[in-house]
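Thanks for coming. I'll go through one model today, starting with charged pairs and then moving to the sheet and the helices. Please have a look at it first.

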Amino acid sequence: SFDEGDIKYRKGFGGKTLKYVDRYAVIKALNDTFDNKWDFEIISLQDIIVSGAKVGTTAICKLTITHPKMKRSITEIGESEGKSSTKASVSDALKRCSSIALNFYNDFWKE
């Protein structure tokens with residue numbers, strides 16, 4: 001679980017307020033849980049082009065955990081819109097991979 005200060009809020013579709021954690025909190029949780037025995041790799045990045053303009057990025061990334069209590073590789077897709085979408089899509093993929101290993105986003109997504 002995350003400290004209350006790690007949980008952030010943003011406006012979502014339909015006026016809903018969504019909870020999230022940033023990548024720094026996720027990295028800290030991975031380090032604390034797996035004693036820094038994990039690796040994250042970008043497998044591919046692809047710009048999303050509409051009518052000749054970049055509107056977003058898709059990232060396929062892999063989290064590999066090599067800790068005695070868990071040895072596992074998890075591959076996920078992250079997506080984001082906008083000009084700084086490359087960084088955001090990679091962060092999204094990291095959070096998605098980590099949510100499987102750490103099971104933290106289930107509490108966020110159930111709402």
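A search of the whole structure turns up five salt bridges, a salt bridge being a side-chain nitrogen of Lys or Arg within 4 Å of a carboxyl oxygen of Asp or Glu. Before the details, some ground rules. This is a predicted model, where local features need pLDDT of at least 70, side-chain atom pairs count only at pLDDT 80 or more, and totals for chains, interfaces and linings use all residues. Residues are numbered from 1 along each chain as its sequence is written, and side-chain values use heavy atoms, with hydrogens and water left out.

For the labels, helices (H or I, at least four residues) and strands (E, at least two) are DSSP runs, numbered from the N terminus. Lys8 counts as partly exposed, at 32% relative accessibility; buried means under 20% relative accessible area, exposed over 50%, and partly exposed in between, with a 1.4 Å probe and protein chains only.

Another bridge joins Lys28 and Asp32, at 2.7 Å from N to O. These two are four residues apart in helix H1, which means about one helical turn separates them. Lys54 also forms a salt bridge with Asp47, where the closest N and O atoms are 3.5 Å apart. Lys54 is partly exposed at 36%, and Asp47 is partly exposed at 41%.

Now the sheet. In which order do the three strands of the open sheet run? The order is E3-E4-E5, and the pairing is antiparallel; strands pair if DSSP finds at least two bridges between them. E3 and E5 stand at the edges with a single partner strand each, so one side of each has no neighbour in the sheet. From one strand to the next, the twist averages 15°.

Strand E3 (residues 38–50) is joined to strand E4 (residues 53–67) by 12 bridges, and Ser44 stands opposite Ile60 in E4. The hairpin of E3 and E4 has two residues between the strands, and Ser51 in the turn has a positive phi of about 50°. E4 and E5 are also joined by 12 bridges, with Thr64 partnered by Ser73 in E5. The hairpin from E4 to E5 goes through two residues.

Last, the helices. H1 and H2 pack at an angle of about 35°, their axes 10 Å apart; axes are lines fitted to C-alpha atoms, for helices over the stretch in contact, and angles run from 0 to 180 degrees between N-to-C directions. By class, their contact has eight nonpolar, three polar and three charged residues. Here Ala, Val, Leu, Ile, Met, Phe, Trp, Tyr, Cys and Pro count as nonpolar, Asp, Glu, Lys and Arg as charged, and the others, Gly among them, as polar.

Setting aside neighbours within four places in sequence, Leu30 is in contact, meaning heavy atoms within 4.5 Å, with residues including Trp38, Leu63 and Leu94.
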